[in-house]
Amino acid sequence: MVSGEPCLVGNQVRSQGRSCGRERQGQLLSPALQVRDYYVQETWSREPYYARREPKPEPFSPPLPAGTRDRERELRPPEPRPPKKATKLKKAPKRDKLAPETPPPGKNSNRKGVRTKSFEKAANDDHSVPVARDDVRESCPPLGLETLKITDFQLHASTSKRYGLGAHRGRLNIQAGINENDFYDGAWCAGRNDLRQWIEVDARRLTKFTGVITQGRNSLWLSDWVTSFKVMVSNDSHTWVTVKNGSGDMVSFMFPLSMPLQPNYPSEFQTVFLSPDPNNYYHRRNEMTTTDDLDFKHHSHKEMRQLMKAVNEMCPNITRIYNIGKSHQGLKLYAVEITDHPGEHEVGEPEFHYIAGAHGNEVLGRELTLLLMQFLCQEYLAGNARIVRLVEETRIHILPSLNPDGYEKAYAGGSELGGWSLGRWTHDGIDINNNFPDLNTLLWEAEDRQNIPRKVPNHYIAIPEWFLSENATVAVETRAVIAWMEKIPFVLGGNLQGGELVVAYPYDMVRSLWKTQEPSPTPDDHVFRWLAYSYASTHRLMTDARRRVCHTEDFQKEDGTVNGASWHTVAGSLNDFSYLHTNCFELSIYVGCDKFPHESELPEEWENNRESLIVFMEQVHRGIKGVVRDSHGKGIPNVVISVEGINHDIRTASDGDYWRLLNPGEYVVTAKAEGFASSTKNCMVGYDMGATQCDFTLSKTNLARIREIMEKFGKQPISLPARRLKLRGRKRRQRG
């Protein structure tokens, strides 16, 4: 990260430096061959800044908005320091000497971008305020390049190699496709390789820029980065002033370099804060406020625990804090239970869960779950009828941080320096989301064996023995989640992730060999599509066809939803494991383009997701439910519930109760258990919210009753088939 002058005030910033290396059809061109061709798209709408006369060095004092001139104070220069020579832009190394950088495992990390941060404060008085590093980090939110608040039309560049490498791709942490010929790439790449290329951000309002962050472009095919650059600012896009330090020298930045958010200026350095125009259309359009009184901040692991305790103390009758295990570093995996009778499973009440933080650096989901538990507590106390009904009729579990070790790494870097992968994996380098046993292959291989009786059922598929061994590469966090899901009969769940705006439903693994993308629907595909759409359609942005895609994928053709395998194949995902090993229908919910948004953006992200989080929980009450009892009225566990036409069964819980998610319609449902005669019913599912009650009473078979009587008197029933075989053998011997 590098930083600019702490008192840069303007509405546009331009970074000039070495351009991204040229590429054509995946082949690197030597500098001698880098001639102008049809792939170069020159921007002629603006006169290149190098064609104008450079302004004389002088302190930059932009014009103030009308009515603020009387509040203007002179900028006091910093304390005198020894003069130094102006640093010239470092020449870029030749292309053939650039060593490609290895991407992190499991990710095609194509990215290159420049992000500037703004800080606006109303000039309510004429006192200048010293700027400290910590204050800047806490109160200077990014402009919005990564969160897409800065639109494509606000990004300009001197040249671009092609449209897919235009200025609009110069965003932090932007991802390219995995194919070499993808139309969009993960960077801005200039059309010429020289020192006069520039990229520009138009803030559209008076803005204080406090820093610049750059990234290299790292892909499977090539690797590029800016080796040096300088920063210029303007208020009218015509007059550009180069950033200078206190002694009047031009400030340029060279890599590798690590600098604080701003240079080490004396604490007496003062600046003037300028308020944006309240009548500015773009400012009003991007405003988002919330009336919810919640704790909008990023929480460390200790602060998260304290917040959970505060929620529990506020709502002790409906909340309970527990942990499902520990991380590799020994941090407890805390969960909060929200229901009217915490600590116990009520017969007929479905279980729901939200999991966040499987990737430690995707912190938005973590904070949304912390906000959700606060919101549910407050609204329940306030008597919100919708929330009261949800809490009293559902047992809700929220696990905010599944990978606290990874989060602590990302949290140390903060929103500004957190990258695409820092903290993604566990402490021992495992991606939890892909660390579950591959049960898909077991199921599909069994289905492909036509002449051999199928040994693998279509549900409750057993975990392979190798996975349970101590030597298996399985994270302790993964084992904790598996034990948690086997203990509690979850019906529906969502794991919150980041970096995209889409809801992905299983299967996440392709069925065909040698394919990376292929639709792989489950037998409950129609139900999963509805569940995914229930979240996406109530989100403020997911189904908005006018919004810009986060990276390269446009999910609008399915209204903000996607089958996981048709996006990218994943073996051993949480979604597939939940569906094939438990009763739980699990979906992955990608809640934002920016994995680690600034604290100032949390209220808006909460507004984007609040309704969706509640609506998705309410879907646990869709379909049929009931209790399977014997003739004495006792619940029967492990009864198989089958729906005609859907090749996926579920089982009853320990008390004999069950929940089967279904879309509206009429279904033929069968309950069958070993030792009992099966029972079949027609069950109707309506469009109104609320599961249809569909109970079963099973009577024991004659053989089961005989065994029960014989065992009561200490004798074993006679196996009739075995006795017949014995008699046949005796007759053969007599004939011989």
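Ile641 stands opposite Ile650 in S26. In this predicted model, strand S25, residues 640-643, pairs with S26 in the antiparallel sense, and three bridges join the two.

Both strands belong to an open sheet of four, in which the order is S26-S25-S28-S29 and the pairing is antiparallel. Strands S26 (646-651) and S29 (679-685) each have a single partner strand and stand at the edges, so one side of each is left without a neighbour in the sheet. From one strand to the next, the twist averages 30 degrees.

| Element | Residues |
|---|---|
| Strand S25 | residues 640-643 |
| Strand S26 | residues 646-651 |
| Strand S29 | residues 679-685 |

For the protein chain as a whole, the secondary structure comprises 15 helices and 31 strands. Buried residues make up 54% of its 736 residues. Among contacts in the chain with a separation of 6 or more, 77% are between residues 24 or more positions apart. The accessible surface of the protein chain is about 34,500 Å², and carbon and sulfur atoms contribute 50% of that area.

Terms used: Residues numbered from 1 in each chain as written. Predicted model: local features only at pLDDT ≥ 70, side-chain atom pairs only at ≥ 80, totals over all residues. Heavy atoms only, no water. Pairing = 2+ DSSP bridges. Axes fitted to C-alpha atoms, helices over the stretch in contact; angles between N-to-C directions. Buried < 20%, exposed > 50% of the residue type's maximum accessible area, 1.4 Å probe, protein only. Contact = heavy atoms within 4.5 Å. Areas by Shrake-Rupley, 256 points an atom, 1.4 Å probe, with all protein chains shown as cover.
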